[in-house]
Amino acid sequence: MPIKVTLNCQLNAEKTDELIIFLQQNLPNVRNFHGNKRVEIFFDRAKQEMLIDEDWKSVEDHQKYIKYITDNGIMANLISYFLEPPSVKYFNYQDL
């Protein structure tokens, strides 16, 4: 069953321009990872906050991706643009 994953991120305002370059370079990798259906980025610059909004085939597929980027150092690099690690939430699709 498909899931939505959100990552709320408090940005380090001094690194936002660098973060955008990092995202431009790395988002194709997320989009091409097995199980990813969609990923979009939203900014609230007034609050220095970013939302990563993703759709995945399953929680397991997303967790495999998180392990992959943790093991290869991409996650540590991403977190370096934030004031604290992102808040990750999983939402199950509800057919109403």
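## Exercises: sheet, salt bridges and cavity

L7 has V88 of β4 as its bridge partner. Before we dig in: this is a predicted model, where local features need pLDDT of at least 70, side-chain atom pairs count only at pLDDT 80 or more, and totals for chains, interfaces and linings use all residues. Residues are numbered from 1 along each chain as its sequence is written, and side-chain values use heavy atoms, with hydrogens and water left out.

**Exercise 1. Work out the strand order of the open sheet, and say which strands sit at its edges.**

Step 1: Strands (E, at least two residues) and helices (H or I, at least four) are DSSP runs, numbered from the N terminus. Two strands count as paired if DSSP finds at least two bridges between them.

Step 2: collect the pairs. β1 (residues 3-10) runs antiparallel to β4, with six bridges. β2 and β3 are antiparallel too, over eight bridges, and here F43 stands opposite M50 in β3.

Step 3: look at the connection. β2 and β3 make a hairpin with four residues between them, and Q48 in the turn has a positive phi of about 50 degrees.

Step 4: The four strands line up as β2-β3-β1-β4, with antiparallel pairing. That leaves β2 (36-44) and β4 (87-92) as the edge strands, each pairing on one side only. On average, neighbouring strands are turned by 15 degrees against each other, direction ignored.

Step 5: α1 (residues 16-31) lies across β2 and β3 (49-56), at about 165 degrees to β2. Contact here means heavy atoms within 4.5 Å; axes are lines fitted to C-alpha atoms, for helices over the stretch in contact, and angles run from 0 to 180 degrees between N-to-C directions.

**Exercise 2. Which residues do salt bridges with shared partners join into one network?**

Step 1: set the rule. A salt bridge needs a side-chain nitrogen of Lys or Arg within 4 Å of a carboxyl oxygen of Asp or Glu. By that rule there are five.

Step 2: start with K4. Its closest N and O atoms to D55 are 3.1 Å apart. K4 lies in β1 and D55 in β3, so this pair ties together parts 51 residues apart in sequence.

Step 3: move to R38. R38 meets D53 at 2.9 Å, N to O; D53 is in β3 and R38 in β2, 15 residues apart. R38 also meets D55, again at 2.9 Å, and that pair ties together parts 17 residues apart.

Step 4: join them up. K4, R38, D53 and D55 form one network.

Step 5: check accessibility. Buried means under 20% relative accessible area, exposed over 50%, and partly exposed in between (1.4 Å probe, protein chains only). D53, at 12%, is therefore buried. K4 at 29% is partly exposed, and so is R38 at 24%.

**Exercise 3. Find which element gives the most residues to the lining of the largest cavity.**

Step 1: define it. On a 1 Å grid over the protein atoms alone, a cavity is a set of points where a 1.4 Å probe fits but cannot get out; lining residues have an atom within 4 Å of a point.

Step 2: count and size. There is one cavity of 30 Å³ or more, and the largest cavity has a volume of about 180 Å³.

Step 3: Of its 16 lining residues, V30, I52, Y65, I69 and L78 are the closest to the centre. α1, β3, α2 (59-71) and α3 (74-79) each give two or more residues.

Step 4: α1 gives the most, with five residues.

Definitions and conventions:
1 Å grid on protein atoms, 1.4 Å probe; cavity = no way out; pocket = protein on both sides within 12 Å on 5 of 7 lines; lining within 4 Å. Points joined across faces, edges and corners; volume = space filled by probe spheres on them.
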